[in-house]
Amino acid sequence: MKLVMLGIVFGATGFIFNFVLDNSSKVYNIFTKNPYVKAILGGVITIILFFILGDNYNGLGQSFINDSFNNPVSIIDSIWKIIFTAVALGSVFQGGRGNPTFFVGTALGSWIAKFINIPLASSAALGMIGVFCSATSLPITAIAMSLEYFGGEEMVAIIIVMTVSYIISGFYDILTKRKIPEGKGKIFEGKVHKNK
């Protein structure tokens, strides 16, 4: 039951991550459609946030991710990383979306571990891969990555969390412009096409 709950939390987080990023450019469009002004706005907001909150949420955040496996962090860290990513990618700045899901998931898993009595490192690892799986709609890739990163000792837990997060994530997909989620929709609707 704890693993199913984690899958639901990580799946919902991946959905929220995609929803915020998909709509962040629309917020900029309210103020201006000029890409140069958007770039200035995005840069200024990022700099202001950096001076207020520090550098934990800029860039890849690898040191923060590593620390999250050893020390519990706050759910606010996940929220700020989503905001920083949305501010940057919603304007004209380009960057990856995969690594921020690792940051968000690891921080969320690290935070939630104390409430469900699961070892911190295990919960952080499941969060890291679970949010990635949810945001990308790539459960097989997520399982393979977790094998590579964390080994196969917890494979049953990994498969349960990845499956639930994949189902819960809805039909957003950050990598393929919804080609995979369209197919996912057909799976869950139970439509089968017969060859004529």
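**Surface first**

I began with the accessible surface of the chain, which comes to about 10,600 Å², with 66% of it belonging to carbon and sulfur atoms; the areas come from the Shrake-Rupley method with a 1.4 Å probe, and for residues only the protein chains shown count as cover. I kept in mind that this is a predicted model, where local features need pLDDT of at least 70, side-chain atom pairs count only at pLDDT 80 or more, and totals for chains, interfaces and linings use all residues. Residues are numbered from 1 along each chain as its sequence is written, and side-chain values use heavy atoms, with hydrogens and water left out.

**Overall build**

I found 9 helices and 0 strands in the chain; these are DSSP runs numbered from the N terminus, with helices (H or I) of at least four residues and strands (E) of at least two. Of the 196 residues, 45% count as buried, meaning under 20% relative accessible area, while exposed is over 50% and partly exposed lies in between (1.4 Å probe, protein chains only).

**Helix α8**

I checked the length of helix α8 (residues 155-168): its 14 residues should span 20 Å at 1.5 Å a residue, and the end C-alpha atoms are 20 Å apart, which agrees. The expected span is 1.5 Å times one less than the number of residues. Among the buried residues of α8 I noted Met155, Ile158, Val161 and Tyr166.

**A nonpolar patch**

Which residues form a nonpolar patch on the surface? I listed Val4, Ile8, Val156, Ile160, Ile167 and Ile168, with about 460 Å² of accessible area together. The largest share, 4 residues, comes from α8. Val4 has its place in helix α1 and counts as partly exposed, at 33% relative accessibility.

**Ring pairs**

I then searched the whole structure and got 9 aromatic pairs; rings of Phe, Tyr and Trp (its six-membered ring) pair if their centres lie within 6.5 Å, and planes under 30 degrees apart count as stacked, over 60 as edge-to-face and the rest as tilted. Phe69 and Phe150 have ring centres 5.9 Å apart and planes at 40°, so I wrote this pair down as tilted. Phe69 is buried at 16% relative accessible area, whereas Phe150 is partly exposed at 34%.

Phe102 and Phe132 make another tilted pair, 5.3 Å centre to centre with 35° between the planes. Phe102 lies in helix α5 and Phe132 in helix α6, so the pair ties together parts 30 residues apart in sequence. My last entry was a cluster in which ring pairs link Tyr57, Phe64, Phe84 and Phe103.

Terms used
Patches are made of residues with over 30% relative accessible area and no salt bridge: like charges are joined within 9 Å, nonpolar side chains (Val, Leu, Ile, Met, Phe, Trp, Tyr) within 5 Å. A salt bridge is a side-chain nitrogen of Lys or Arg within 4 Å of a carboxyl oxygen of Asp or Glu.
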